[in-house]
Amino acid sequence: MILGVSSGLLTFNIVIIVLLLAWGFSWLFQYYRRKKYATVLDQDAFHKGMRKAQVIDLRQPNDFKKGHILGARSLPYIYLKQQYGELRPDLPVYMYDQGIAISTQAAAFLAKHGYHQLYILKGGYNGWKGKTKKSKY
């Protein structure tokens, strides 16, 4: 026993510290990737630039049908690796998902395939206050 702490409690504390460190390193790695490959835009900047850009929704098709940003097209992240050729590399790509994590992964993938004008909506669709469209069905 160290300083009156049982070995079970000490093991629990070590596990918690390791998990927190892993989470912290993961967050820093995602932050670095986001900074390296894309620009994160607030809603106003996203809305101003989206008219001259390709706006893609990286969420699943059922989420897209429930509601999406007006003018966006559905290109789920799971299909991006097969269909990224449908995007024009000479135009800006504005992307969003539920939050920001999937957009970061998509930006890293697209940047490695020659796309350089990559923008991510800060807060994703969850934080969007602009116009949306929902499927009738």
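Two strands pair if DSSP finds at least two bridges between them. The views below show a predicted model, and in it strand 1 and strand 6 meet this condition with three bridges, in the parallel sense.

**View 1. The open sheet has five strands, in the order 1-6-5-2-4.** The pairing in this sheet is parallel. Strand 1 and strand 4 (residues 73-74) stand at its edges; each has a single partner strand, so one side of each is left without a neighbour in the sheet. As background to this view, strands of a sheet pair through backbone hydrogen bonds, either parallel or antiparallel.

**View 2. Strand 6 pairs with strand 1 and with strand 5.** Towards strand 5, three bridges are found, and the two strands run parallel. Here Met95 also stands opposite Ile120 in strand 6, while the bridge partner of Tyr94 is Tyr119 in strand 6. From strand 5 the chain passes through helix 5 to strand 6, forming a right-handed β-α-β crossover.

**View 3. Strand 5 sends buried side chains to both of its sides.** Val93 and Met95 point one way from the strand. Tyr94 and Tyr96 point the other way, and all of these residues are buried. Strand 5 is also joined to strand 2 by four bridges, and these two strands run parallel. Within this pairing, Val55 stands opposite Tyr94 of strand 5.

**View 4. Gln54 is a buried residue of strand 2.** Strand 2 covers residues 54-57. The relative accessibility of Gln54 is 11%, and Gln54 counts as buried because the cut-off for that class is under 20%. The side chain of Gln54 reaches two backbone atoms: the nitrogen of Arg88 at 2.8 Å and the oxygen of Leu91 at 3.3 Å. Leaving out residues up to four places away in sequence, Gln54 touches Leu87, Arg88, Leu91, Pro92, Val93 and Tyr94.

**View 5. The largest nonpolar core has 18 residues.** Met95, Leu110 and Leu118 have the most contacts inside this core. At least two of its residues come from each of strand 5 (93-96), helix 5 and strand 6. Helix 5 gives the largest share, six residues. Leu118 is in contact with Tyr37, Ala38, Thr39, Val93, Met95, Ala107, Leu110 and Ala111, its neighbours within four places in sequence being left aside. Another core, of 12 residues, lies apart from the largest one and includes Leu41, Met50, Ala72 and Tyr94.

**View 6. Helix 5 packs its buried residues against helix 1, helix 4 (77-83), strand 5 and strand 6.** Those buried residues are Ser103, Thr104, Ala106, Ala107, Ala108, Phe109, Leu110 and Ala111. Helix 5 is followed by Gly114, which has a positive phi, near 95 degrees.

**View 7. Helix 1 runs from residue 7 to residue 37.** Its 31 residues reach 45 Å from the first C-alpha to the last, close to the 45 Å expected at 1.5 Å a residue. Gln30, Arg33, Arg34 and Tyr37 are buried in this helix. The buried residues of helix 1 pack against strand 1 (39-41), helix 5 (101-112) and strand 6 (118-121).

Definitions and conventions: Residues numbered from 1 in each chain as written. Predicted model: local features only at pLDDT ≥ 70, side-chain atom pairs only at ≥ 80, totals over all residues. Heavy atoms only, no water. Expected span 1.5 Å × (residues − 1). Buried < 20%, exposed > 50% of the residue type's maximum accessible area, 1.4 Å probe, protein only. Contact = heavy atoms within 4.5 Å. Core = buried A, V, L, I, M, F, W, Y, C linked by side-chain atoms within 4.5 Å. Polar contact = N/O pair within 3.5 Å; in protein donor to acceptor, adjacent residues only side chain to side chain. Right-handed = clockwise from strand over helix to strand, strands pointing away.
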